[in-house]
Amino acid sequence: MCYSAQIKADYKRFVSEYGAIMSLDEFTRLVTEYFKNPGSVKFPKAMTAPFLESPETEEEKKIAEVLRAGQEAEEIKLLQELAKQRERLEKARAAVERKATKTATEELRKASNKVAWVEGKLDELRSNEIKPRDSRIFPGWYAPVMIWENGRRVIKPMRYQCRPAGKPEFYDTKYPGTYNARMENLRGFWKGQYGHTHGVVLVDAFYENVKDAQGRNIILGFRPDPPQTMIVACLWSHWRATKPGEKDLLSFAIITTDPPPEISEAGHDRCPVPIKSEDLDAWLNPDPNNVEAMDKILADNAMPHFTHSVAG
């Protein structure tokens, strides 16, 4: 499985290097929904940073306005929470000074941690610096995916866990591993997408949970050697709402295969499939009557050599 990936979240990279256009209405809906209900949508900071740093078109400026308004509202809520937690911390300190009971000491610890957490969230919100972790996605997060639409490459934000069109909403919990599409299941479980709706994400690294020599769970980061950005094959779906209260969903799954030796020796049994750049348009625009051509693209792939290290 590919439980986390470090992606190229800056949509302008897709535009400048791959000549893609952006589905700005989809991005606008995404950020609007995020600030209406933050718990329902997650995306890496690197995905929205370009809109705040250098909006050029009217559409980009509109998204920047939505982002700034949302950030201002979020900052107010965090400042209110910080004031509340600092008051709690002062009361806890006073209680410990009066009598350092186990209960008072535990309350002091919790209040201190909460203040530090809120301060960290404020620093993160106000910072323009993009760190490697700001480009990581996890199942359920949104990422920019390049697809083929109306005769050209288009970028759309999609959720990293694919809900196939026509399936019930509870599919997300019944099949929680649908953020990956195993190659051996492409003609079975994924037959509605394979040969029909293909996409790619740009990936610099991926992360997996493995067991160390002592049986402890650790997270390893796998990176191409030499460093390079992989064009990773995906399947995607446009799930359409049919009931009141439901919302349309764009979602995707990364295609995975058996790993090269250096990954299996590190303790993991899957690897994303990077395709060759010359196969990009053929992959994005598949012929449903010739899936064998897609099989060939996946088999004759651009799999690099990987190195790994323990990640946070």
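In which helix is L52 found? In this predicted model, L52 is found in helix α3. Apart from neighbours within four places in sequence, L52 is in contact with A64, L67, R68 and Q71. Sequence separation and distance in space are two separate matters: L52 and N128 lie 76 residues apart in sequence, while their C-alpha atoms are 9.0 Å apart in space.

The rest of helix α3 can be read in the same way. A46, M47, T48, A49, P50 and F51 are buried in α3. The buried residues of α3 pack against α1 (11–18), β2, α2, α4, β4 and β5. One of these partners, α2, is the next element to look at.

Helix α2 covers residues 24–36, which is 13 residues. An α-helix has 3.6 residues a turn, so residues three or four places apart point the same way. The buried residues of α2 are L24, E26, F27, T28, L30, V31, E33 and Y34. These buried residues pack against both helices and strands: the helices are α3 (45–53) and α4 (58–98), and the strands are β2 (21–22), β4 (142–149), β5 (152–160) and β10 (249–257).

Two packed helices are described by the angle between their axes and the distance between the axes. For α2 and α3, the axes come within 12 Å and cross at roughly 110 degrees. The two helices are therefore roughly perpendicular, since that class runs from 65 to 115 degrees. On the α2 side the contact is made by L24, F27, L30 and V31, and on the α3 side by M47, T48 and F51. By type, the residues of this contact of α2 with α3 are six nonpolar, one polar and no charged.

The pairing of α2 with α4 has another geometry. Their axes come within 10 Å and cross at roughly 10 degrees. Angles under 35 degrees count as roughly parallel, so α2 and α4 are roughly parallel to each other. In α2, the residues that meet α4 are L24, F27, T28, V31, T32, Y34 and F35. Their partners in α4 are E59, E60, K62, I63, V66, L67, G70, Q71 and E74. The residues of this contact of α2 with α4 divide into eight nonpolar, four polar and four charged.

Two loops show local details of the backbone. N150 sits in the loop between β4 and β5. Its phi is near 50 degrees, a positive value in a residue other than glycine. N150 is exposed, because its relative accessible area of 76% is over 50%. In the loop between β8 (217–225) and β9 (230–239) lies P226. The peptide bond from D225 to P226 is cis, with omega near 5 degrees.

C162 counts as buried at 1% relative accessibility, and C271 counts as buried at 0%.

Methods:
Residues are numbered from 1 along each chain as its sequence is written. This is a predicted model: local features need pLDDT of at least 70, side-chain atom pairs count only at pLDDT 80 or more; totals for chains, interfaces and linings use all residues. Side-chain values use heavy atoms; hydrogens and water are left out. Helices (H or I, at least four residues) and strands (E, at least two) are DSSP runs, numbered from the N terminus. The expected span of a helix is 1.5 Å times one less than its number of residues. Buried means under 20% relative accessible area, exposed over 50%, partly exposed in between (1.4 Å probe, protein chains only). Contact means heavy atoms within 4.5 Å. Axes are lines fitted to C-alpha atoms, for helices over the stretch in contact, and angles run from 0 to 180 degrees between N-to-C directions. Angles under 35 degrees count as roughly parallel, over 145 as roughly antiparallel, 65 to 115 as roughly perpendicular and the rest as oblique. Ala, Val, Leu, Ile, Met, Phe, Trp, Tyr, Cys and Pro count as nonpolar, Asp, Glu, Lys and Arg as charged, and the others, Gly among them, as polar.
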